[in-house]
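Please open the structure in a viewer and keep the selection panel at hand.

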Amino acid sequence: MTVTFRDLDKPLYSGIAAAIILSGVNKEIPRDIDGQAYYWHRYYRIAGIPYYFATQAAKIEPSCNNKALDVVFVLDGTISDKYFLNSLTFAEEVVENLNIGSENTRVGLLQFSTWAHPEFYLNSYTTKAEVIDHIRSIHPIKGYRNLYAGLHSIVDDMFRSDKGARNKAINPRVAIILTAGKSKYPWKTFLAAPRAHRADITLIAVGAKKLYDVAELIAVASRPTCSYKHLMKDLHELALADSSITKSICNSPVTFKKGKTQIPNLPAKESQNCKVEIPSKGARIRISVQSGSVVYTTAKDIFPNRAYYKDSVTVQPGSPAVLYVPRHDAHLLSGKIFCNLKAGTQNVGGIIIDIIPGETDACESTPCQNGGTCTPDGTDHYVCTCLPNFNGLNCENEIKPCDSNPCANGGTCINQGNEFQCLCPPTHTGPQCTEEVKPCDSNPCANGGTCINQGNEFQCLCPPTHTGPQCTEEVKPCDSSPCANGGTCINQGNEFQCLCPPSHTGPQCTEEVKPCDSNPCANGGTCVNQGNEFECLCPPTHTGPQCTEEVKPCDSDPCANGGTCINQGNEFECLCPPTHTGPQCTDEVKPCDSSPCANGGTCINQGNEFECLCPPTHTGPQCTEEVKPCDSNPCANGGTCINQGNEFQCLCPPTHTGPQCTEEVKPCDSSPCANGGTCINQGNEFECLCPPTHTGPQCTEEVKPCDSSPCANGGTCINQGNEFECLCPPTHTGPQCTEEVKPCDSSPCANGGTCINQGNEFECLCPPTHTGPQCTEEVKPCDSSPCANGGTCINQGNEFQCLCPPTHTGPQCTEEVKPCDSSPCANGGTCINQGNEFQCLCPPTHTGPQCTEEVKPCDSSPCANGGTCINQGNEFECLCPPTHTGPQCTEEVKPCDSNPCANGGTCINQGNEFECLCPPTHTGPQCTEEVKPCDSSPCANGGTCINQGNEFECLCPPSHTGPQCTEEVKPCDSNPCANGGTCINQGNEFQCLCPPTHTGPQCTEEVKPCDSNPCANGGTCINQGNEFECLCPPTHTGPQCTEEVKPCDSNPCANGGTCINQGNEFQCLCPPTHTGPQCTEEVKPCDSSPCANGGTCINQGNEFECLCPPTHTGPTCEESGKCDCAAVNPCTPENISNGKFYHEHVEAAKFCQCAPGNPPHIPPRCFVMSCGPGTVFNPAINVCDWPHNVGK
């Protein structure tokens, strides 16, 4: 037996893996996944796949699918491309375990070296694929290792809200920091780390390559460091770390501070780690939920005897929990409590954590449970006095009857008030599970089965009618699979019925169904079986796979050259294209068909064009030009004369030739007869004597055998070269279909049956061995049911065989069978009848109910030290674990036996491991790594060593120079400060004191007026030389946009309107003379329609005047009456032109006014008007006045 690595690609506890690999390891297998991954990596090192099991184990890890985190990777950018690729692969593997999305987990990434370099932020990508694509494109930035720069960047830049960071009380902030060595300035790391901790960022510190500074990583990692600090020997081990780091990410806590913090929801059965910041004066922690239930737990390693600690406080809607943290404990805890929230079986909504500062009574939170009495002890603690059935710090432990473990043999104890009840395991019974139960006591064998105790198990000997472990499965007719050829068996009581597939028929699906049995060929087609398919030979009138398609004249495409065929009954008609004509469009239409040549010219077709051969008298393209040279008719025998300048040419008729057509031409001269035909001149014509293979006027038509219609009786003739073949109709046969076909001609009767023609049908007389319409059904011996007592009959040719039930035997199952008659005991076992059953006494080499189980060499467990035994016939072979060898694995294998030390290294056994003493030229665990000049680290002061064969070259940092970087370079030596800046050495760095006109680390940035952001309130600053100008937003104004612009500042209200600011809008209070949103619409006195009773209103500046009808008077025509002024008729034409007013002669309260103008068709008239209350008309000044002024 050969075991390969891939055979072991099974769960960690597979039998072979455990037996072969783990038996020699004296270490307990951890229960957690991270521990298992390390275990495999530590103890399973086989050449070729050192990390195989570790990688597989790491994949069995928790995911953060229900977490919405803000995660930032902080990668060491100072390492080589090769190792940096391992860092990227590690980041990619962690991302694969996160649920990436804008509403789920967000991811950012930065590198650090001399400075921090963000690659992408938390809001840069919203899908996992985008994040992974960017990660795969990153290259290391190189430089010094300044971890503090990365720490400052995550606080100041990466976790800013405008870069995608969210509420840290709901979305925990996590930074995964991967460093491959010690920082250049570790003390700066120690100063930067607390700043990140105070920002509530969970820092997961990962160190690799054994060059890390453990103190530095402890300072960086969040507390407890055992959960957030991960150390690797080298970057290759990152593949093992992603599961444990994913676990650290998933467990990152949210932070609760003073006041109320709400977690919108927590999915069912999910948990969330948390951290509570406690004010220095102590506080109460109040937890409440709106829906569902949650268990709040305080970390058990933090002062479990304090009042605020409760192992499992369950919080439900309407029942908040209050925990108390006194001043003294707040001081001891350094202001922090680590906790956990775990949801119940339903989703939890609206979790509110309220941190209430200040001390209270220690008993205020009612810490004593189950009726215990709380008594303060005079300090900030308390003592609980418990009821008799309870104990514990808070009386939380109930004293129950089951505490004494009264149930033996693994029984489960259930408290019943002051008593108990034992639920016993299946192997025992009794009040305390002390009585042993045997398997057969429960009568497990049904249907008359006999139960036999087999230690802790039982075996049922079932009757013939049933089977199964407990004889519960009925033996049915179909159990013997009687239906052949894929038939489906259906039980019908004690019988069965076969549902056969389409390819077979018969009681047991043994008769093959042929395709032609269903007569698929229509319209007289002949069916021919072709294996599982059929072929139809159709008559001439039909075609198609089943002769269902009628053959029409156009089906043969008789119309050539693109002609359209139209069926006309049994004939067809061709509609030809313009280029062809004829019954089948075979005659080409040529240019000469339109007789284009005039004056007797002869037209010659030239492709799509024509040429005219003109008579001697004419010439030109169409013989329209007269020609004279041929006037003498020089061409004899009807030859046509063509002028050739001063000469002529005769175009002779077909019967003559020569310059003047005087030589007679015979028809056969042109060899017109094709295909070997003989030409005979017949005067001006010829006759072709054709060979037998051709015919036609010129022997061009091939003679085919079918042309003579040799097939009789409707047979179809098919040309076969020089011969033919007749496809005869079903009624005839023979070479030419002349022989009538009779039903029996096809020998339809099988198996020696005699066929008798019955008109168009036949009848088969079958022999005694067969039956059926065509004698195809075999008459079988079992048809007479010869087997008695339920025996099954099997045909054996002309005989039968009975398969008898277990109770009978004999040729026809007539003889009763006893259990031992069947010799059930194999391998020489002795059978003893026990009623209807038997018992086998087995020889020493075998065992089992029927002595069928071979006693094998491995049964005695000969392989020691966890070796696996493999039977090899009568012998055995031991597959030993890696720690032992020998025939029975008794010889200890020492680590050095495999010569693991390469390149001449000396191996020293160290218990289960080995140590290699390497020669000076090599190093490494197995002396496989070549020692190179740079291995001695010859380059001082952080210089980078490059191997150059047997020598080395130092690439020095900017601070040093020389062959080994031993000469210090002062930062200011390179004059780094530009624009007149003064350089000051600051250890390995420098500081530039810049002139007022410049700034920046090297005084390279020009100081511009706008650099100080002088424009307030979102104003845009524009540099104007040494000054600046602010472009203010619409809401502000002023030189620096500090003055708020209010809606009324633009004086929007016209015509003296008063502007009132209304937030971002304004309202105009208009004077009486104007109206509208901005008082731009003039108010005229007549707009209010002041003239009553049909009076006409006339605007008079800011006043109005009513022209009243004759029936009314008064300022607004409200008084009825006639004009009294008419009596004195003051409105003479001359007065009208002056527009005078006159005192009314009766009452000083009224006065008369002459109507303006002097229309010729209106007599002079006046209007009576009234003065206001308390006033009278003053004719001296023509206005209403106070009475005491009138007459003065």
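The following stops begin with the whole chain and then turn to individual elements and residues.

**The whole chain**

Display the entire chain as a cartoon, bearing in mind that this is a predicted model. The chain contains 12 helices and 100 strands. Of its 1192 residues, 34% are buried. Among contacts between residues at least 6 apart in sequence, 38% join residues at least 24 apart. If the cysteines are coloured, 57 disulfides can be looked for in the structure.

**A pair of helices**

Select residues 81–96, which form helix 4, together with residues 128–136, which form helix 5. Their axes lie 10 Å apart and meet at an angle of about 175°. Because angles over 145 degrees count as roughly antiparallel, helix 4 is described as roughly antiparallel to helix 5.

Next, show the side chains where the two helices meet. Which residues of helix 4 take part in this meeting? They are Leu88, Ala91, Glu92, Val95 and Glu96, and on the side of helix 5 they face Lys128, Val131, Ile132, Ile135 and Arg136. By class, this contact of helix 4 with helix 5 comprises 6 nonpolar and 4 charged residues, with no polar ones.

Move on to the open sheet of 5 strands, whose order is 7-9-14-11-12 and whose pairing is mixed. The edges are held by strand 7 (254–256) and strand 12 (313–315). Each of these two has a single partner strand, so one side of each has no neighbour in the sheet. On average, neighbouring strands of this sheet are turned by 30° against each other, direction ignored.

Within this sheet, select strand 11 (residues 294–298) and strand 12. The two run antiparallel and are joined by 3 bridges. To see one of the bridge pairs, pick Val295, whose partner in strand 12 is Thr314.

**A hairpin**

Select residues 450–454 (strand 24) and residues 457–461 (strand 25). These strands also run antiparallel, and 5 bridges connect them. Asn453 is paired in strand 25 with Phe458. How many residues lie between the two strands of this hairpin? There are 2, and Gly455 in the turn has a positive phi of about 65°.

**Around Pro515**

Now centre the view on Pro515, which is located in the loop between strand 31 and strand 32. Is Pro515 buried or exposed? Its relative accessibility is 16%, so Pro515 counts as buried. Apart from neighbours within four places in sequence, Pro515 is in contact with Pro520, Asn529, Gly531, Asn532, Glu533 and Phe534. Glu535 is 20 residues away from Pro515 along the chain, and the C-alpha atoms of the two are separated by 9.2 Å.

A disulfide is a covalent bond between the sulfur atoms of two cysteines.

Begin with Cys521 and Cys536, whose sulfur atoms are 1.8 Å apart. The torsion about their S-S bond is about -85°, so this disulfide is left-handed. Cys521 belongs to the loop between strand 31 (511–512) and strand 32 (526–530), while Cys536 sits in strand 33 (residues 533–537), so the pair ties together parts that are 15 residues apart in sequence. Cys521 is buried at a relative accessible area of 13%, and Cys536 is buried at 11%.

Select next Cys538 and Cys547, which are joined by a disulfide with an S to S distance of 2.0 Å. This link is left-handed, with -90° about the S-S bond. Cys538 is partly exposed, its relative accessible area being 28%, whereas Cys547 is buried at 0% relative accessibility.

Finish with Cys934 and Cys945, a disulfide with sulfur atoms 1.8 Å apart. The S-S torsion of Cys934 and Cys945 is about -80°, so the link is left-handed. What sets the two cysteines apart in accessibility? Cys934 counts as buried at 12%, and Cys945 counts as partly exposed at 21%.

Technical notes
Residues are numbered from 1 along each chain as its sequence is written. This is a predicted model: local features need pLDDT of at least 70, side-chain atom pairs count only at pLDDT 80 or more; totals for chains, interfaces and linings use all residues. Side-chain values use heavy atoms; hydrogens and water are left out. Axes are lines fitted to C-alpha atoms, for helices over the stretch in contact, and angles run from 0 to 180 degrees between N-to-C directions. Helices (H or I, at least four residues) and strands (E, at least two) are DSSP runs, numbered from the N terminus. Angles under 35 degrees count as roughly parallel, over 145 as roughly antiparallel, 65 to 115 as roughly perpendicular and the rest as oblique. Contact means heavy atoms within 4.5 Å. Ala, Val, Leu, Ile, Met, Phe, Trp, Tyr, Cys and Pro count as nonpolar, Asp, Glu, Lys and Arg as charged, and the others, Gly among them, as polar. Two strands pair if DSSP finds at least two bridges between them. A disulfide is a pair of cysteine sulfur atoms within 2.5 Å. Buried means under 20% relative accessible area, exposed over 50%, partly exposed in between (1.4 Å probe, protein chains only).
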